[in-house]
Amino acid sequence: MAFRDAERLVLVTPRSPKDASPWQALSAGAFTTLARTSRACEGLAAFRDSQTVLRGDGGAESFRGCLVSPGGLRALGLPFACGRDFQPGEDGVVLPYRVWQRRFGGDASVLGRSLFLDGRWVSVLGVLGKGVELPMVAG
(Lines give C-alpha, C1' and ligand atoms only; values in the text may rest on other atoms or scores of the structure.)
Protein backbone atom coordinates (compact mmCIF):
# COMPACT_ATOMS: atom_id res chain seq x y z
CA MET A 1 0.00 0.00 0.00
CA ALA A 2 1.35 3.43 -0.90
CA PHE A 3 1.31 6.21 1.68
CA ARG A 4 1.42 9.89 0.96
CA ASP A 5 4.95 11.13 1.79
CA ALA A 6 6.04 7.58 2.71
CA GLU A 7 9.67 8.70 3.06
CA ARG A 8 8.58 10.83 6.04
CA LEU A 9 6.89 7.99 7.98
CA VAL A 10 8.55 6.52 11.06
CA LEU A 11 7.41 3.52 13.12
CA VAL A 12 8.07 3.96 16.85
CA THR A 13 8.08 0.86 19.08
CA PRO A 14 9.59 0.31 22.53
CA ARG A 15 12.46 -2.16 22.79
CA SER A 16 13.13 -4.40 25.75
CA PRO A 17 16.66 -5.70 26.28
CA LYS A 18 15.07 -9.03 27.28
CA ASP A 19 13.04 -9.40 24.07
CA ALA A 20 14.59 -9.39 20.61
CA SER A 21 11.22 -8.88 18.91
CA PRO A 22 11.04 -5.58 17.00
CA TRP A 23 7.21 -5.43 17.37
CA GLN A 24 6.12 -4.47 20.85
CA ALA A 25 3.16 -2.40 21.93
CA LEU A 26 3.56 1.18 23.04
CA SER A 27 1.32 1.76 26.06
CA ALA A 28 -1.61 4.16 25.77
CA GLY A 29 0.01 6.40 28.38
CA ALA A 30 3.33 6.46 26.52
CA PHE A 31 1.55 7.29 23.25
CA THR A 32 -0.45 10.10 24.88
CA THR A 33 2.73 11.58 26.37
CA LEU A 34 4.57 11.29 23.06
CA ALA A 35 1.68 12.90 21.16
CA ARG A 36 1.45 15.76 23.67
CA THR A 37 5.17 16.51 23.91
CA SER A 38 6.57 15.69 20.48
CA ARG A 39 7.73 18.66 18.46
CA ALA A 40 9.46 16.60 15.79
CA CYS A 41 6.33 14.96 14.36
CA GLU A 42 3.67 16.53 12.18
CA GLY A 43 1.15 13.87 13.23
CA LEU A 44 1.11 10.71 15.34
CA ALA A 45 -1.05 7.60 15.11
CA ALA A 46 -1.49 4.53 17.31
CA PHE A 47 -2.76 1.25 15.82
CA ARG A 48 -3.77 -2.12 17.21
CA ASP A 49 -4.86 -5.18 15.25
CA SER A 50 -8.45 -6.21 15.98
CA GLN A 51 -10.85 -8.99 15.04
CA THR A 52 -14.18 -7.18 14.71
CA VAL A 53 -17.75 -8.51 14.67
CA LEU A 54 -20.51 -6.58 12.91
CA ARG A 55 -24.09 -7.63 13.69
CA GLY A 56 -27.24 -6.47 11.97
CA ASP A 57 -29.86 -7.18 9.34
CA GLY A 58 -27.41 -9.21 7.27
CA GLY A 59 -26.47 -11.43 10.22
CA ALA A 60 -23.11 -11.45 11.98
CA GLU A 61 -19.89 -10.90 10.06
CA SER A 62 -16.37 -11.10 11.45
CA PHE A 63 -13.50 -9.25 9.77
CA ARG A 64 -9.97 -8.20 10.58
CA GLY A 65 -9.70 -4.54 11.40
CA CYS A 66 -7.59 -2.05 13.26
CA LEU A 67 -8.21 0.20 16.23
CA VAL A 68 -6.80 3.63 15.39
CA SER A 69 -6.20 6.78 17.40
CA PRO A 70 -8.09 9.93 16.34
CA GLY A 71 -6.42 11.53 13.33
CA GLY A 72 -4.34 8.42 12.67
CA LEU A 73 -5.72 7.73 9.23
CA ARG A 74 -5.26 11.38 8.25
CA ALA A 75 -1.66 11.35 9.60
CA LEU A 76 -0.87 8.48 7.22
CA GLY A 77 -2.54 10.27 4.34
CA LEU A 78 -4.88 7.34 3.68
CA PRO A 79 -7.62 7.98 1.12
CA PHE A 80 -11.32 7.77 1.91
CA ALA A 81 -14.00 6.51 -0.47
CA CYS A 82 -16.42 8.68 1.51
CA GLY A 83 -16.70 10.26 4.94
CA ARG A 84 -13.86 11.25 7.24
CA ASP A 85 -11.39 10.31 9.99
CA PHE A 86 -12.10 10.29 13.75
CA GLN A 87 -11.92 13.44 15.84
CA PRO A 88 -10.53 13.43 19.42
CA GLY A 89 -13.12 12.11 21.88
CA GLU A 90 -15.32 10.73 19.10
CA ASP A 91 -16.52 7.12 19.06
CA GLY A 92 -17.29 5.69 15.66
CA VAL A 93 -16.12 3.41 12.88
CA VAL A 94 -14.38 3.85 9.54
CA LEU A 95 -15.34 0.82 7.48
CA PRO A 96 -12.92 -1.11 5.27
CA TYR A 97 -13.81 -0.67 1.59
CA ARG A 98 -14.40 -4.40 1.06
CA VAL A 99 -16.88 -4.57 3.98
CA TRP A 100 -18.68 -1.47 2.70
CA GLN A 101 -19.05 -3.03 -0.75
CA ARG A 102 -20.08 -6.49 0.46
CA ARG A 103 -22.36 -5.50 3.32
CA PHE A 104 -23.79 -2.17 2.13
CA GLY A 105 -23.42 -2.39 -1.66
CA GLY A 106 -21.18 0.69 -1.72
CA ASP A 107 -24.08 2.92 -0.63
CA ALA A 108 -22.76 6.22 0.79
CA SER A 109 -25.94 6.62 2.86
CA VAL A 110 -24.26 4.33 5.41
CA LEU A 111 -22.47 7.47 6.70
CA GLY A 112 -23.98 8.53 10.01
CA ARG A 113 -25.81 5.24 10.40
CA SER A 114 -25.50 3.36 13.73
CA LEU A 115 -24.04 -0.14 13.57
CA PHE A 116 -23.72 -2.77 16.29
CA LEU A 117 -19.99 -3.44 16.30
CA ASP A 118 -18.21 -5.54 18.92
CA GLY A 119 -21.17 -5.37 21.29
CA ARG A 120 -21.78 -1.62 21.13
CA TRP A 121 -23.50 0.90 18.88
CA VAL A 122 -21.20 3.14 16.85
CA SER A 123 -21.78 5.67 14.09
CA VAL A 124 -20.22 5.19 10.64
CA LEU A 125 -17.87 8.12 10.09
CA GLY A 126 -16.25 7.05 6.86
CA VAL A 127 -15.10 4.35 4.46
CA LEU A 128 -11.46 3.76 3.57
CA GLY A 129 -10.47 3.99 -0.08
CA LYS A 130 -10.30 0.97 -2.35
CA GLY A 131 -7.10 -1.02 -1.81
CA VAL A 132 -6.43 0.33 1.69
CA GLU A 133 -5.95 -2.61 4.05
CA LEU A 134 -5.36 -2.20 7.78
CA PRO A 135 -3.46 -3.21 9.83
CA MET A 136 -0.38 -2.49 7.79
CA VAL A 137 2.23 -3.93 10.15
CA ALA A 138 0.60 -7.04 11.66
CA GLY A 139 1.42 -10.39 10.06
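Predicted model: local features only at pLDDT ≥ 70, side-chain atom pairs only at ≥ 80, totals over all residues.

Before counting, my rule for aromatic pairs: rings of Phe, Tyr and Trp (its six-membered ring) pair if their centres lie within 6.5 Å, and I call the planes stacked under 30 degrees, edge-to-face over 60 and tilted for the rest.

**Entry: ring pairs.** By that rule I get two aromatic pairs. For Tyr 97 and Trp 100, the ring centres are 5.6 Å apart and the planes sit at 70°, so I log this pair as edge-to-face. I then checked where the two residues come from. Both belong to helix H3 (residues 97-104), and because they are three residues apart there, about one helical turn separates them. Tyr 97 has 21% relative accessibility, so it goes down as partly exposed. Trp 100 has 7%, so it counts as buried.

The other pair I wrote down is Phe 116 with Trp 121, which is tilted, with 5.1 Å from centre to centre and 55° between the planes. Phe 116 is partly exposed at a relative accessible area of 25%. Trp 121 comes out as exposed, with 60% relative accessibility.

**Entry: where do Phe 116 and Trp 121 stand in the strands?** I found Phe 116 opposite Trp 121 in E6. Strand E5 (residues 114-117) pairs with E6 in the antiparallel sense, over four bridges.

**Entry: the turn between E5 and E6.** Which residue of this hairpin takes a positive phi? I find Asp 118, in a hairpin with two residues between the strands. Its phi is near 55°, a positive value in a residue other than glycine. I made a note of this because most residues other than glycine have a negative phi. Asp 118 lies in the loop between E5 and E6, and at 41% relative accessibility I count Asp 118 as partly exposed.

**Entry: other partners of E6.** Phe 80 has Leu 128 in E6 as its bridge partner. What about strand E4 (residues 92-95), parallel or antiparallel to E6? Parallel, with four bridges joining the two. Here I noted Val 94 opposite Gly 126 in E6.

**Last jotting.** I came for the rings and kept landing on E6: Trp 121 in this strand stands opposite Phe 116, and these two residues also form the tilted pair.

Note on methods. Residues numbered from 1 in each chain as written. Heavy atoms only, no water. Pairing = 2+ DSSP bridges. Buried < 20%, exposed > 50% of the residue type's maximum accessible area, 1.4 Å probe, protein only.
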